[in-house]
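Here's a quick briefing to keep beside you while you look at the fold.

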Amino acid sequence: MSASKLSPSLAALMGAAAALTSAAHAQTAAEGGTTVGYRFNEYGEDSFDGAAIGSRERYKVYSQQFQLDTRLPNNAGLDVTATHEVMSGSSPWYVLRGADARPVQVLSGATIREHRNELRGSYTIDPGTASSTTYSASYSQERDYRAGALGIERSIPLNAALTLGTGASLSHDIIQPTDAALYDRVRHEEKNTFSAFGSLAWVIDKNSVLQAGVQLNHEDGYLSDPYKLVSVGSDILPDHRPGTRSNAAVLLRYRHAFAHPDAALHLDYRYAQDSWGVVSHTVDVGWYQRLGQGWQLIPALRYYSQQEARFYAPFFGVDEHRFFSSDYRLGTFGAFAASLNVRKRIARWEFSGGIERYHAAADYALGSADSAVPGVLSYTRGFVGLDYHFD
Amino acid sequence: MGTNRAFFAVITLGVLLAGCASTPVQPWERGRLARWDMRWDPDPLQAAANEHAHFSKEGSGGHIGAAGGGCGCN
């Protein structure tokens, strides 16, 4: 587990945003059928190639997703998704001050092997319309981490072209680190997350739609990472972060359909800022190219940049800060990702597959980095999937 | 401060959108908008996997589109 993970509350909320907005631009084809889907994903991080102590083999994750999406008789929709993940490998633990003050990353042993199970469900009234209401719930469990979330979303048509989306959710997380006595970790901690969002979707013309949204997120409780340590002077201390974190983000999303070539352009931008000082920019560009005979090719690019939290550094002097963390995810870095997906529809069956390469580095960040980020990583990820459409 | 600026930027954009939306697209003109590849997230399962991978390795929580919950990261 990780304290800088995406909260299930926020995940549910933004899933809701996605669901809302298909209704928000009043797509007329309310799909009435049932679909079942399966995905197998493999994720592997590159081996650590910097100055390090410990295993250099980093994380691998194998995950399976199952989905049922169906219409109910009372003009409602039900969507149930189950996920099972198996994770293993080593991860950044803490950073030592090496020769010439260069950071030396200490990695945990490659003995971690965890499972995660997640169940997510949503019930939507009037799905596929501009005025829908969705109730959602999710539960995720690992050996050391449990999280439950509830959410509600509503879309309201303002006129023929504009749709307002709103939503809120709450989540409660329980953290019970493994080997707590052995490593003097916290035994039992909790945190709560409240999220809210609002969006406007605009049908610009018969080929394009635009969405603008704001999301707010507030976390309260234990937000440190119980598995990470920090080098402070001559001591090695537990990761120590503030007990609250507020985040605000602005989203812009644009879709444009082309007749020649038969394709759709996806452009997304997100700006986020939080009370820890982390500021980020994310740009996604995707091209959905139809090739005929049920084939579709989807190349995509992604760029991400963040500025570090106020209390991040690879290592600290004595009493330098009230809070301190050397988690690379709170440092300054940027990342480029490129992906290519393929889909093929044959009657009621739909096959899909794809690969993504993600490469992160401090040099890719917008602006300059105040501190080194030795743990920053790159990975390759692939998936294969199969869907069956009953109607 | 930045949060306030972002909030007002979106509100302003919303007002501008409302002002621009004077020639609505008729229902019979929305065929392309209803296509699968014009959805915000055409493949929710894949979107969830993508966002879970990206944001479990990045420090700025929140994302565009659907994502998995829980943790499953390190």
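In chain A, three strands make an open sheet, ordered S2-S6-S5, with mixed pairing (two strands pair if DSSP finds at least two bridges between them; strands are DSSP runs of E, at least two residues, and helices are runs of H or I, at least four residues, numbered from the N terminus). Keep in mind that this is a predicted model: local features need pLDDT of at least 70, side-chain atom pairs count only at pLDDT 80 or more, and totals for chains, interfaces and linings use all residues. Residues are numbered from 1 along each chain as its sequence is written, while chains are lettered from A and ligands numbered from 1 in the order in which they are written.

**The open sheet**
- Strand S2 (52–53) and strand S5 (92–97) of chain A sit at the edges, each pairing on one side only.
- S5(A) runs antiparallel to strand S6 (residues 103–107) of chain A, and 5 bridges join them.
- Across that pair, A:Pro92 faces A:Leu107 in S6(A).

**Chain A overall**
- Chain A has 21 strands and 2 helices.
- Its radius of gyration is 22 Å, close to the 21 Å from the globule rule for 391 residues, so chain A is as compact as a globular protein of that length (the radius is taken over C-alpha atoms, and the rule is 2.2 Å times the number of residues to the power 0.38).
- Its C-alpha atoms fill a box of roughly 65 × 40 × 35 Å along the principal axes.
- Of its 391 residues, 47% count as buried (20 or more other C-beta atoms within 10 Å of a residue's own, with C-beta atoms placed from the backbone).

**The nonpolar cores**
- The largest nonpolar core has 23 residues, and those touching the most other members include A:Phe333, A:Ala335, A:Tyr358 and B:Ala49 (a core is a set of buried Ala, Val, Leu, Ile, Met, Phe, Trp, Tyr and Cys residues joined through C-beta atoms within 7 Å).
- At least two residues each come from strands S19 (333–346), S20 (349–361) and S21 (378–389) of chain A and from helix H2 (44–55) of chain B.
- H2(B) gives the most to this core, 5 residues.
- Another core, of 22 residues, lies apart from it, with A:Ala161, A:Leu162, A:Leu251 and A:Tyr288 among its members.

**A:Leu162**
- A:Leu162 belongs to strand S10 (residues 162–175) of chain A.
- A:Leu162 counts as buried because it has 22 C-beta neighbours inside 10 Å.
- From A:Leu162 to A:Ala365 is 203 residues in sequence and 36 Å in space, C-alpha to C-alpha.

Note on methods:
Buried ≥ 20, exposed ≤ 12 C-beta atoms within 10 Å, placed from the backbone.
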